[in-house]
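Here are my notes after a pass through the model. Have it open alongside as you read.

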Amino acid sequence: MGFNAWLLDCAPAPGCATCRTEWRSLKTAEEAGDISQAANHATKIRDHASGSH
């Protein structure tokens, strides 16, 4: 909700194993309350479009 929802707003690219792994890690960190780590995973997912993985 609020800023955290915006910060973590992303979706894994279809068919990308790296994105799926990052998505699972994002959800685990979010459930643990580690928003900083969750945001790192969300950034990696969003970076898919730039060809970073």
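Predicted model: local features only at pLDDT ≥ 70, side-chain atom pairs only at ≥ 80, totals over all residues.

1. The largest nonpolar core is built from 11 residues: Leu 8, Cys 10, Ala 13, Cys 16, Cys 19, Leu 26, Ala 29, Ala 38, Ala 39, Ala 42 and Ile 45. Helices H2 and H3 each put at least two residues into this core, and H3 gives the largest share, with 4 residues.

2. Ala 38 is a handy place to look at the packing. Setting aside neighbours within four places in sequence, Ala 38 is in contact with Leu 8, Leu 26, Ala 29 and Glu 30. Of the core members, Leu 8, Leu 26 and Ala 29 are on the list together with Ala 38 itself.

3. Now for H2, residues 17–31.

4. Which residues of H2 are buried? They are Cys 19, Glu 22, Leu 26 and Ala 29. These four cover an arc of only 90° around the axis, so they sit on the same side of H2. Helix H3 (35–46) is among the things that cover them. Turn to the face pointing away from that buried side and you find the exposed residues Arg 24, Thr 28 and Glu 31.

5. Have a look at His 41 too, which belongs to helix H3. Is this residue buried or exposed? His 41 counts as buried because its relative accessibility is 10%, and the cut-off for buried is under 20%. Leaving out residues up to four places away in sequence, His 41 touches Glu 22, Ser 25 and Leu 26.

6. On charges, the count is 1 salt bridge. The side chains of Lys 27 and Glu 30 form a salt bridge, with 3.2 Å from N to O. The two are 3 residues apart in helix H2, which means about one helical turn separates them. Both ends are partly exposed: Lys 27 has a relative accessible area of 32%, and Glu 30 has 31%. Glu 30 is also one of the contacts of Ala 38.

7. Last, check the backbone just after H2. Gly 33 takes a positive phi there, about 85°.

Definitions and conventions:
Residues numbered from 1 in each chain as written. Heavy atoms only, no water. Buried < 20%, exposed > 50% of the residue type's maximum accessible area, 1.4 Å probe, protein only. Arc of directions from axis to C-beta. Contact = heavy atoms within 4.5 Å. Core = buried A, V, L, I, M, F, W, Y, C linked by side-chain atoms within 4.5 Å. Salt bridge = Lys/Arg side-chain N within 4 Å of Asp/Glu carboxyl O.
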